[in-house]
Amino acid sequence: MRILLINGPNLNLLGKRQPGIYGSLTLKEIEERTAKRAAELGAEVRSFQSNHEGEIVDFIQKEAEGADGIIINPGAFTHYSLAVRDAIEGAGKPTIEVHISNIHGREEFRHHSVVADIAMGQVSGLGWRGYVAALEALVGFLQERNQ
Ligand code: CA2
């Protein structure tokens with residue numbers, strides 16, 4: 001079972017700035033923890049981060065066919081990128097949206113996600129653990145579906 005783990009703009013700065021909002025783990029540490037849990041569950045994670053909308057679209061177009069599901073934190077693209085939304089929808093794979101902070105408890109402009117209605121679900125506000133929670137839910141769902 002192969003899961004794509006995609007992070008959008010500025011998330012490469014995790015652990016280096018604003019630890020009060022986004023925690024102290026680096027993106028590499030989060031990716032490692034998610035990959036470790038995936039291995040325990042018999043799954044494999046392919047991680048990708050980009051600050052560029054088109055690169056995220058290209059990655060989804062290229063990699064989704066060989067994947068079973070997607071975990072994505074689109075960063076600020078969450079709130080306005082119809083290109084990322086269309087790529088996810090076009091991939092046709094179960095997708096869970098993750099946010100480290102609770103987007104519903106922050107500024108008004110962060111409350112709306114253009115991805116939320118095409119995602120299986122959204123994890124918001126659980127810090128790095130949200131990625132692991134999303135992975136466990138996605139793998140559980142896929143295992144049940146493939147039975
Ligand atoms: O809470 C999340 O995970 C967000 O997707 C993070 C985005 C923000 O635009 C969304 O509204 C919610 C921003 C990521 C910025 O990441 C940084 C990490 C460390 C230092 C500075 C920025």
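The following dialogue works through selected features of a predicted model.

Trainee: On what basis are the features of this model given?

Mentor: This is a predicted model, in which local features need pLDDT of at least 70, side-chain atom pairs count only at pLDDT 80 or more, and totals for chains, interfaces and linings use all residues. Residues are numbered from 1 along each chain as its sequence is written, and side-chain values use heavy atoms, with hydrogens and water left out.

Trainee: What is the phi of Asn10, and where does Asn10 lie?

Mentor: Most residues other than glycine have a negative phi. Asn10 is not a glycine, yet its phi is positive, at about 75°. Asn10 is placed in the loop between β1 (2-7) and α1 (19-22); helices (H or I, at least four residues) and strands (E, at least two) are DSSP runs, numbered from the N terminus. Gln18, in the loop between β1 and α1, also has a positive phi, of about 45°, although it is not a glycine.

Trainee: Is Asn10 buried or exposed?

Mentor: Buried means under 20% relative accessible area, exposed over 50%, and partly exposed in between (1.4 Å probe, protein chains only). Asn10 counts as exposed because its relative accessibility is 52%, while Gln18, at 49%, counts as partly exposed.

Trainee: Which residues lie nearest the centre of the largest pocket?

Mentor: On a 1 Å grid over the protein atoms alone, a pocket is an open set of points where a 1.4 Å probe fits, with protein on both sides within 12 Å along at least five of seven lines; lining residues have an atom within 4 Å of a point. The largest pocket is lined by 19 residues, and Pro9, Asn10, Leu11, Tyr22 and Arg110 lie nearest its centre. Its lining comprises 8 nonpolar, 8 polar and 3 charged residues, where Ala, Val, Leu, Ile, Met, Phe, Trp, Tyr, Cys and Pro count as nonpolar, Asp, Glu, Lys and Arg as charged, and the others, Gly among them, as polar.

Trainee: How many residues surround the ligand, and which are the closest?

Mentor: A residue is near a molecule if one of its heavy atoms lies within 4 Å of it. For the ligand there are 17 such residues, the closest being Asn73, His79, Ile100, Ser101 and Arg110.

Trainee: What distances separate ligand oxygen atoms from polar atoms of Asn73 and Ile100?

Mentor: A polar contact is a pair of N or O atoms within 3.5 Å; within protein, one must be able to donate a hydrogen and the other to accept it, and residues adjacent in sequence count only if both atoms are side-chain atoms. A polar side-chain atom of Asn73 is 2.8 Å from a ligand oxygen atom. For Ile100, a polar backbone atom lies 2.8 Å from an oxygen atom of the ligand. Taken alone, the ligand exposes 510 Å², of which the protein buries 94%; such areas come from the Shrake-Rupley method with a 1.4 Å probe, and for residues only the protein chains shown count as cover.

Trainee: Where is Arg110 found, and why does Arg110 count as buried?

Mentor: Arg110 is found in the loop between β4 and β5 (121-124). Arg110 is buried because its relative accessible area is 18%. The side chains of Arg110 and Glu107 are joined by a polar contact of 2.8 Å.

Trainee: Which side chain does His99 contact?

Mentor: His99, in strand β4 (residues 95-99), has a polar contact of 2.6 Å between its side chain and that of Glu97. With 4% relative accessibility, His99 counts as buried.
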